[in-house]
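In these entries I record what I looked up about charged side chains and their partners. The structure comes first, and my notes follow.

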Amino acid sequence: MGYITIIKYATLFFPLVAFLFTIPFILIEYHKYGSISILKSIITYLFVYYLICAYFLVILPLPKISEVALLTTPRVQLVPFDFVIDFIKYSSFNIIQIDTYLPAMRESYFYVPVFNIILTIPFGMFLQYYFNCNKKKVIIFSFLLSLFFELTQLSGLYFIYPRGYRLCDIDDLILNTFGGFLGYYLVIPLSYFIPKMEAVNQKARQRGKVVSGFRRTTAYFLDLFIFLVIELSVIALFIDNIYLSITIAIIYYFLVPLFLNTSTFAEKFLNIEVLDYNNQRNKSRLLWRKFLALSIYILIPCFFSYIIFNVRNDIIREFVGFIFIVFLFLFYLLSSMKYFFTNKDMLYEKITKTKLVSTIK
């Protein structure tokens with residue numbers, strides 16, 4: 001299996017990893033900066049994609065377990081710079097014959113060590129630019145990454161195989177570490193053409209001083225997730241009861257914010273709080289805000305649904321019910337679009353004179 005084929009497999013696998021990585025990334029960025037930088041997102045996903053490619057290049061192709069069980073080749077190579085000896089002894093390279101240079105570069109004795117250097121050059125570049133690591137940290141982390149790769153090979157892919165199907169080589173540690181060290185210096189010229197990560201983060205923090213529609217959407221769904229986890233846990237431990245569920249909802253959405261400076265758990269984590277139009281924490285307005293939102297989007301629709309459902313005339317009930325469902329759908333759709341995609345005040349916010357405010361400084 002060639003390198004290009006392996007990278008194709010990594011590319012196919014990347015969307016799944018990116019999907020699992022996206023939610024934690026969004027939460028961390030909103031928690032730290034209050035907004036998400038497009039440039040930082042691109043660089044982050046490139047880093048994830050690189051790590052997947054590097055890992056796949058180390059473990060693929062996967063042989064059959066039965067074939068690995070019959071292997072008698074060495075598992076470990078502990079002689080430093082053995083690749084230099086192999087190149088001198090077995091390659092077609094002859095220092096006094098120039099016509100041997102190019103053929104020698106096409107042989108595994110040359111391109112395998114070079115590949116091991118290239119493998120971690122991006123890692124060193126990411127460490128220096130993205131994480132602002134100094135040279136010492138780049139060397140240490142590059143060594144640890146290489147050690148992880150070598151132990152993966154030595155353990156037979158974490159003992160899935162009866163033995164290692166690839167050689168655990170100390171030269172790989174040396175070359176990979178050197179590759180990361182080289183990447184540290186290679187990224188320096190690029191810093192003249194792309195913004196420094198400190199500037200990117202500072203710009204994100206400036207934008208984070210305003211609560212965007214996507215940020216409050218994230219808080220909404222995170223609160224919903226936390227609430228459902230709590231509710232399902234309580235139901236599993238005690239009993240499935242509608243009144244118990246309502247009690248949990250009241251405690252979570254009404255009482256908890258009273259003790260968290262007008263914020264729910266998710267809003268607190270994402271640096272959001274509810275203030276009145278005078279930028280003051282007003283607990284009475286907070287409760288009024290919560291009750292009004294509950295009434296507009298749940299209680300009032302349920303009340304009218306109950307009235308329509310109890311209309312005795314079938315024709316009237318079906319006609320009015322259809323009109324009500326269409327109206328309710330459009331109302332929820334427009335409200336959702338306004339809430340999720342803009343930072344404009346909702347109807348219940350205008351009535352209660354409250355607003356979501358960022359606590360990012």
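Entry 1. Before reading on, I noted that a helix here is a DSSP run (H or I) of at least four residues, numbered from the N terminus. I also noted that the model is predicted.

Entry 2. How many salt bridges does a search of the whole structure find? I found four. Side chains of opposite charge can pair when their charged atoms come close.

Entry 3. I looked up Arg317 and Asp314, whose side chains form a salt bridge at 2.7 Å, N to O.

Entry 4. I turned to Glu349 and Arg289, which meet in a salt bridge of 3.0 Å, N to O, through their side chains. This pair links distant parts of the chain, 60 residues apart: Glu349 is in helix H16 (residues 347–352) and Arg289 in helix H14 (residues 283–309). I recorded both Glu349 and Arg289 as buried.

Entry 5. I then examined Glu273 and Arg281, joined by a side-chain salt bridge at 3.1 Å, N to O. Which of the two is buried? Glu273 counts as buried because its relative accessibility is 10%, and buried means under 20%. Arg281, at 48% relative accessibility, counts as partly exposed, because exposed means over 50%.

Key: Residues are numbered from 1 along each chain as its sequence is written. This is a predicted model: local features need pLDDT of at least 70, side-chain atom pairs count only at pLDDT 80 or more; totals for chains, interfaces and linings use all residues. Side-chain values use heavy atoms; hydrogens and water are left out. Buried means under 20% relative accessible area, exposed over 50%, partly exposed in between (1.4 Å probe, protein chains only). Helices (H or I, at least four residues) and strands (E, at least two) are DSSP runs, numbered from the N terminus.
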